[in-house]
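Hello,

Here is the structure for your files. My notes follow below it.

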Amino acid sequence: MSKASEIAAAAEERDVRNRWFLALPALVIIFFAGVGPLAVMIIYSFLAKSGYGGVTWNFSLDAWTSVFLERDIFDDTLTWADAHVTIFWRSVKLSFLTTVFCLVFGFPTAYFIATRSERWRDVWLFLITIPFWTNLLIRTFAIQEVIRGEGIINSILVGIGAIETPLQIMFTDVAIMLGMVYVYLPLMVLPLYASIEKLDFRLVEAGYDLYANRFRVLWRIVIPLVMPGIIAGSILVFIPSLGAYVTPRVLGGGKNLMLGNLIELQFGQGRNWPLGAALSITLMIIVMVALLVYVRQAAKSGARHG
Amino acid sequence: MASAARFSVRRQTGFATIAVVCFFVLYMPIVTLAVYSFNAGTSLAIWEGFSWRWYLRAWDNEQVQEASIRSLQIASFAAIFATTFAAMAALATTRTRQFRGLTSIYAFINVPLMVPEIVTGISLLIVFSTIKVWTGYTGLGYLLAAHTAFCIPFAYLPIRARLESMDLTLETAASDLYATPWQAFRRVTLPLLWPGIIGGLMLAFVVSLDDVVITELVKSAGQETLPTYMLGQLRRIVTPEMNAISTVFLGISIAVVTLFFFLTRKKD
């Protein structure tokens, strides 16, 4: 090897080492308060619970079996844990419905923003960014004020004589879903907007030239072309919905739990840390599967549209 | 004259209506909340005239004062730490050819974005409660570490975006003129990077200020932040005092986000 190329290689190596040093503080803090604790949690899910919270250091699969099953206290047989199955089902169902509603309302909104003139587009975009960055708890509180028994909707409906007694929306699954649609809608609109903004409207024009009507153009040209945005938005709404904690706690009352609340309960009244850890990992696995589906879809549509 | 009947390829029937309804639905609850914070009566639904009463009540509430100060402290420090570390990491991971580990660093930094908050919160609760028993230290350090970690990816995004739009020619020119690496960084890179850093700082600040779930699980006794205090209050009978606190909170968030929006808007 020549002298010059040796020097170049050494400089290259030094550069890479410096880059690792620069990244180190960020990596250390994320390890200490992120990745490391996740690993500890996996270990905890295989330990036996201790009566006062915490764990005893004995290997046990109890936590994992009780994620979906429960042991009969009389004859020791395993049956489906109805309470857990109900909560899992409610979480998946409400998250799915939330995603669908966000898509149904978010798509036209994003399309509307993307087709405004340049100046107005910034204004509308700004208006959707504000709720995106404002406190989720405050927005949940705000929607609660609207839908509760003495809230605005009921006051108006009773006032105009449409209903006799106020609608009981609070503390139901419907309330949780309404709340989640409300708080996560901006998460759907922003990636959809990014996708629709790049749409080549010459293709739409070609569709009309070939006698397609508006619906056909939308269904056969626009939607297939913005599919990456639709998938990204759906994932961005579905994942936080699945792990939602604040919205179901405030709007669902104590009864209508979702997965996030069930997990938290194991560290509060439940005092079953290994079960809480196992439930958390189950949630993580569902999220990872959803992300994987997204990455594969994105890669596929990326390959198709270049 | 442009006629209304002119055919537009961009129009879709009903979309504008749905969009306007969506914007109305997004803003109506927030605006109502803000309006009723000025209500003279105790009701959240019946308007009884304008007053500052609930703002004064919130201002005099010691718990609210303490929680607000704690929130601002944590958010400021977490934002500064997170942005510093994120800026260093961004410098390390941009404007380079692929080296071994680059993708891993990138993935690692984005982990906090992919893990549901409740899961992060629980895992931190498990680990930190053990450390609390071992060391006896129960200060704000745990909350600060947790907030810094989940703010890093948010601070990283605008800084990385800024760096990617800067090429290395100016730094090369500086070193050709005998600037030391530090001088080149201080006099060339840093001034150009500044908007990205400010953007990252503001996003990190807002994200930290808004956090409820992780804080609720990590905090020791007596470490309420404003959001966890509010979460606790929502269980009781709510008075317009909560609206007043929320409105001030919203005002701060909106101010920071507005600044961010105009600062990072594309100039071209």
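From the N terminus on, chain B runs α-α-α-α-α-α-α-α-α-α-α-α. That comes to 12 helices and 0 strands. Helices (H or I, at least four residues) and strands (E, at least two) are DSSP runs, numbered from the N terminus.

The radius of gyration of chain B, taken over C-alpha atoms, is 24 Å, well over the 18 Å that the globule rule gives for 268 residues, so chain B is more spread out than a compact globule. That rule is 2.2 Å times the number of residues to the power 0.38. The C-alpha trace of chain B spans about 80 × 70 × 30 Å along its principal axes.

This is a predicted model: local features need pLDDT of at least 70, side-chain atom pairs count only at pLDDT 80 or more, and totals for chains, interfaces and linings use all residues. Residues are numbered from 1 along each chain as its sequence is written, with chains lettered from A and ligands numbered from 1 in the order in which they are written.

Now the helix pair. Helix α1 (residues 3-44) of chain A packs on helix α6 (residues 117-135) of chain B at about 80 degrees, axes 8 Å apart. Axes are lines fitted to C-alpha atoms over the stretch in contact, and angles run from 0 to 180 degrees between N-to-C directions. α1(A) and α6(B) are therefore roughly perpendicular (65 to 115 degrees).

Among the residues that meet are Pro37(A) and Met41(A) in α1(A), and Ile122(B) and Ile126(B) in α6(B). Contact means C-beta atoms, placed from the backbone, within 7 Å.

Best wishes

Key:
Angles under 35 degrees count as roughly parallel, over 145 as roughly antiparallel, 65 to 115 as roughly perpendicular and the rest as oblique. Two residues are in contact if their C-beta atoms, placed from the backbone, lie within 7 Å.
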